[in-house]
Amino acid sequence: MLEQFKKHLNKFITVSDGEFEAIARYFEMQTLKKKENLLTEGQVCKASYFVLEGILRKFFINEKGVQQTTEFAIENWWMTETFSYINQTPTEFYIQSVQASQVLIIRQKAYDDLLEKHPAMERYFRMVYQKAYAAAQMRVKMLYEHSREELYRQFLKNQPAFLQRVPQYLIASYLGFTPEYLSEIRKKNFS
């Protein structure tokens, strides 16, 4: 499993086997059950999670008591609750496994030490955060630019792997639909 993480790192930076061994010591590996929470509302986020296997999602519960999914992370993607993590304040979000998953965890102190002792990792995280920020900007643009039906078509086109692995009600939540509305769109597009 760590070999997978090393391959991912090498897409952004070059690390020797020895340096990778030193870097790997900053991480913990954790196996999660389906629907297991890594973070719940009211907690302070103290870690970032790298998905080795499975899927994570970030969501909040809106004023109507409905879960609103804001983000997914599949293999080789990172997830954290950035505002809580940076400011060390209680979060309004949950991070939960969608299916049985295996993640690497780096806690805040370990992260700070890692960046100090391995400057290449600072470059790596900068590049990862830039890609994540660009993706978030594109998502916001799509929300403003497309009809609900077009949003679903774009999701189908851009994220086909999710459709096989994520329950429809979570896809609906991510797109801002009710499950019933998503069902109507699917009937219309696949009938």
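Predicted model: local features only at pLDDT ≥ 70, side-chain atom pairs only at ≥ 80, totals over all residues.
Figure 1. Helix α8 gives the largest share of the lining of the second largest pocket, four residues. The volume of this pocket is about 260 Å³. Its lining holds 16 residues, and those nearest the centre are Val66, Gln67, Ser173, Phe177 and Pro179. Two or more lining residues come from each of β5, α8 and α9 (179-190). Sorted by class, the lining of the second largest pocket comprises seven nonpolar, seven polar and two charged residues.

**Figure 2. The largest pocket and the residues around its centre.** The largest pocket has a volume of about 1400 Å³. It is lined by 37 residues, with Glu71, Trp77, Ala132, Ala135 and Ala136 closest to the centre. The elements contributing two or more residues to this lining are β5 (67-73), β6 (78-79), α5 (119-145), α6 (148-158) and α8 (168-175). Helix α5 supplies the largest share, 13 residues. By class, 22 residues of the lining of the largest pocket are nonpolar, nine are polar and six are charged.

**Figure 3. Strand β3 and its pairing with β8 and β6.** Strand β3 spans residues 47-53 and is mostly covered, six of its seven residues being buried. Strand β8 (residues 101-107) runs antiparallel to β3 and is joined to it by six bridges. Within this pairing, Phe50 has Leu104 of β8 as its bridge partner. The pairing of β3 with β6 is also antiparallel, and it extends over two bridges. Here Tyr49 stands opposite Met79 in β6.

Figure 4. Beyond its neighbours within four places in sequence, Leu2 is in contact with Phe20, Ala24, Met29 and Leu104. Of these, Leu104 is also the residue of β8 that bridges to Phe50. Leu2 has a relative accessible area of 33% and therefore counts as partly exposed, as the value lies between the limits of 20% for buried and 50% for exposed. The C-alpha atoms of Leu2 and Tyr181 are 41 Å apart, and the two residues are separated by 179 residues along the chain.

**Figure 5. Lys35, a loop residue with positive phi.** Lys35 lies in the loop between β1 (28-32) and β2 (37-39). Its phi is near 65 degrees, a positive value in a residue other than glycine. With a relative accessibility of 47%, Lys35 is classed as partly exposed.

**Figure 6. Gln88, in the loop between α3 and β7.** The loop that holds Gln88 runs between α3 (82-87) and β7 (94-97). Gln88 is not a glycine, yet its phi is positive, at about 50 degrees. The relative accessible area of Gln88 is 29%, so this residue is partly exposed.

Conventions:
Residues numbered from 1 in each chain as written. Heavy atoms only, no water. Buried < 20%, exposed > 50% of the residue type's maximum accessible area, 1.4 Å probe, protein only. Contact = heavy atoms within 4.5 Å. 1 Å grid on protein atoms, 1.4 Å probe; cavity = no way out; pocket = protein on both sides within 12 Å on 5 of 7 lines; lining within 4 Å. Points joined across faces, edges and corners; volume = space filled by probe spheres on them. Nonpolar A, V, L, I, M, F, W, Y, C, P; charged D, E, K, R; others polar. Pairing = 2+ DSSP bridges.
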